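Subject: The structure to look at

Hi,

Here is the structure I said I would pass on. Have it open while you read, and I'll take you through what turned up.

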Amino acid sequence: MEVTNKYIVIKHHIDGAPQESDFELKTEAFSLSAEPGKNEVIVKNLYLSIDPYQLNRMKNQSSGQLAMDFAGAIIPGKPITTFGVGRVIASGNSEFNKDELVSGILSWGEYSIVKEVGGMLRKVDTMGFPISYHVGILGFSGLTAYAGFFEVCKPKKGEKVFVSAASGSVGSLVGQYAKLFGCYVVGCAGSPKKVDLLKQKLGFDEAFNYKEETDLKATLKRYFPDGIDIYFDNVGAEMLEAAIENMKPFGRVAACGVIAEYTDKGRRASLDMVHVVYKSITIQGFLVGDQMNVYKNFLSATIEPLRTGKLHVLEDISRGVESTPSAFVGLFRGDNVGKKLVQVAED
């Protein structure tokens with residue numbers, strides 16, 4: 001049986017800020033049959049993760065394209081892959097059966113053919129949670145926040161934590177994990193509404209709108225008069241410079257993302273290495289793909305507070321595969337609050 005599959009491609013490489021005109025909606029005849037022995041799984045996409053790092057894959061050249069197999073370069077005119085959740089329509093792989101819910105690397109489209117099953121496609125037990133949670137808080141976003149904070153930053157109770165892009169998919173969870181662990185947490189975001197959300201709903205001790213601050217170094221000094229123990233960095237550039245100047249001795253920086261630098265080649269953090277050396281500051285980049293060994297620990301630490309309402313979920317959901325380009329472009333305008341998703345179809 002064949003259906004018409006709608007999917008999104010880039011028209012050309014994108015080396016600046018993305019625009020909706022950089023993308024194109026295409027259609028193709030798509031077979032819903034899987035040949036036995038080919039190890040392929042046909043998936044009907046339900047929810048797709050929309051993430052800033054994808055822009056690095058769309059560039060003509062980026063060092064990030066060589067880091068991980070699933071984050072390789074995207075070729076103009078070819079399907080764009082991302083993490084998502086869907087239903088198995090047909091399977092040539094004995095490990096997966098029709099109608100099972102799965103998560104893994106899917107395409108920006110209505111249907112996906114998962115050829116390289118490996119460890120990237122897994123069955124999903126909803127555990128009574130909405131399916132969308134398994135793309136966000138119980139998916140790569142949650143694992144990134146958990147592993148970055150606990151495995152990279154190695155917090156101690158009572159430490160002072162600063163989180164940038166704190167109303168985003170990862171930052172909003174890092175702040176909550178830190179508060180539950182017993183840390184003092186300050187976050188920054190890009191609007192008064194987001195600042196209120198951090199303090200009133202997510203329980204941050206303090207928060208500020210970075211767009212209203214003219215001197216970020218002085219701002220962080222005001223919020224952390226005794227210094228920062230942990231900085232969870234999602235933006236890079238000037239915010240990273242300001243955080244480094246305000247770190248305590250033996251402070252730790254988890255370099256999770258640099259969204260401020262993705263769209264501007266000339267915008268780069270210029271670190272005062274004297275602070276780094278003489279304060280014995282640790283700066284560590286990390287990728288979620290390298291943290292799969294703590295997945296079970298992550299779920300154990302997340303499910304109970306999620307069930308009891310101690311962890312709050314922020315989702316920003318667009319609907320229909322056609323909305324994917326605008327959903328993606330909106331990330332770089334700061335439109336989203338929490339995890340940005342596209343719901344491709346109803347289950």
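How do α2 and α3 lie to each other: parallel, perpendicular or oblique? Keep in mind that this is a predicted model. Helix α2 covers residues 140-153, and its axis comes within 9 Å of the axis of α3, with a crossing angle of roughly 50 degrees. Angles under 35 degrees would count as roughly parallel, and 65 to 115 as roughly perpendicular. So α2 and α3 are oblique to each other. If you want the handedness too, the crossing of α2 and α3 is right-handed.

Now zoom in on where those two helices touch. On the α2 side, look for Ser141, Gly142, Ala145, Tyr146, Phe149 and Phe150. Leu173, Val174, Tyr177, Ala178 and Phe181 make the contact from the α3 side. Sorted by class, this α2 and α3 contact has nine nonpolar residues, two polar ones and no charged ones.

Helix α2 has another partner to look at. It packs with helix α9 (residues 295-307) at an angle of about 95 degrees, and the two axes are 10 Å apart. That angle makes α2 roughly perpendicular to α9. Here α2 brings in Gly142, Leu143 and Tyr146, while α9 supplies Tyr295, Asn297, Phe298 and Ala301. The classes in this contact of α2 with α9 come out as five nonpolar, two polar and no charged residues.

Next, the aromatic rings. There is a cluster held together by ring pairs: Tyr146, Phe149, Phe150, Tyr177, Phe181, Tyr295 and Phe298 belong to it.

In total, the structure holds 20 aromatic pairs. One of them is Phe23 with Trp108, a tilted pair with 6.0 Å from centre to centre and 35 degrees between the planes.

Is Val321 buried or exposed? Its relative accessible area is 2%, so it is buried. Not counting residues up to four places away in sequence, Val321 touches Lys6, Ile8, Leu25, Trp108, Gly109, Glu110 and Val344.

His134 is another one to click on, in the loop between β7 (122-123) and α2. It has a relative accessible area of 6%, so it counts as buried. With neighbours within four places in sequence left aside, its contacts are Phe83, Val85, Val124, Asp125, Thr126, Met127, Phe129 and Gly139.

Last, some alanines. Most residues other than glycine have a negative phi. Ala165 has a positive phi of about 50 degrees, and Ala237 also has a positive value, near 50 degrees. Ala165 is in the loop between β8 (160-163) and α3 (171-181), and at 28% relative accessibility it is partly exposed. Ala237 lies in helix α6 (residues 237-245) and is buried, at 1%.

Ala237 is also one of the contacts of Ala269, along with Leu240, Glu241 and Glu261, once neighbours within four places in sequence are left aside. You'll find Ala269 in the loop between α7 (259-262) and α8 (273-278), partly exposed at 27%. From Ala269 to Val235 it is 34 residues in sequence and 9.9 Å in space, C-alpha to C-alpha.

How values were computed. Residues numbered from 1 in each chain as written. Predicted model: local features only at pLDDT ≥ 70, side-chain atom pairs only at ≥ 80, totals over all residues. Heavy atoms only, no water. Helix = DSSP H or I, 4+ residues; strand = E, 2+ residues; numbered from the N terminus. Buried < 20%, exposed > 50% of the residue type's maximum accessible area, 1.4 Å probe, protein only. Axes fitted to C-alpha atoms, helices over the stretch in contact; angles between N-to-C directions. Parallel < 35°, antiparallel > 145°, perpendicular 65-115°, else oblique. Left-handed = near helix turned anticlockwise from the far one by under 90°. Contact = heavy atoms within 4.5 Å. Nonpolar A, V, L, I, M, F, W, Y, C, P; charged D, E, K, R; others polar. Phe/Tyr/Trp six-rings, centres within 6.5 Å; stacked < 30°, edge-to-face > 60°.
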